[in-house]
Amino acid sequence: MSEDRFWDTKGTIEEASFMHNQLMGSSFFHSVNWVLFREANGELGAVFLNQCGVLRCRSKSNQYPNTSLIQIEGVNTKEEVSWYQGKRMAFIYKAKAKNNGSHYRCIWGKVIRPHGNSGVVRAKFKTNLPPKSMGAKVRVFMYPSNI
């Protein structure tokens, strides 16, 4: 991130929703947990979106650990998922031992395709997500941009 930006956790959901509507041209986001930043000129931007609802793709008797199902907050149809295809995701967790001076680690992935008609997405991660990720939050980043 460049030096002319700084983190702003005081931005409102309405500001983030307005910014998202300008980008997408629709108004389906109303209550979203955005992490916001402000540019030096005062413009509002969003870095990522907190999500929850991580599940494994499965059939009646088998689980497929290499594919995760994630319900993105505010996305309710297959058409709304298309904007998120290819976006990067991160599962951040805390480990007991320090690695590179931090207890926090990250598993990166990306949105692959929709799953069904209700706004659930399939995502693949660099390494399979651990079982403790079930129901945990995943961050969906607003890049790479396709606008």
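Asparagine 100 counts as exposed, with a relative accessibility of 79%; buried here means under 20% relative accessible area, exposed over 50%, and partly exposed in between (1.4 Å probe, protein chains only). Asparagine 100 sits in the loop between strand S6 (88-99) and S7, and its phi is near 55 degrees, a positive value in a residue other than glycine. Helices (H or I, at least four residues) and strands (E, at least two) are DSSP runs, numbered from the N terminus.

This is a predicted model, in which local features need pLDDT of at least 70, side-chain atom pairs count only at pLDDT 80 or more, and totals for chains, interfaces and linings use all residues. Residues are numbered from 1 along each chain as its sequence is written, and side-chain values use heavy atoms, with hydrogens and water left out.

Proline 144 lies in the segment after strand S9 (138-141). For background, most residues other than glycine have a negative phi, and most peptide bonds are trans.

Turning to strand pairing (two strands pair if DSSP finds at least two bridges between them), S4 (residues 54-58) and S5 (residues 63-71) are antiparallel over 5 bridges. These strands, S4 and S5, form a hairpin with 4 residues between them, and arginine 58 has glutamine 63 in S5 as its bridge partner. S5 is also joined to strand S8 (residues 120-125), antiparallel, by 4 bridges; here leucine 69 is partnered with arginine 122 in S8.

The mean pLDDT of the chain (the predictor's confidence in each residue, from 0 to 100) is 76, and 67% of residues reach 70 or more.
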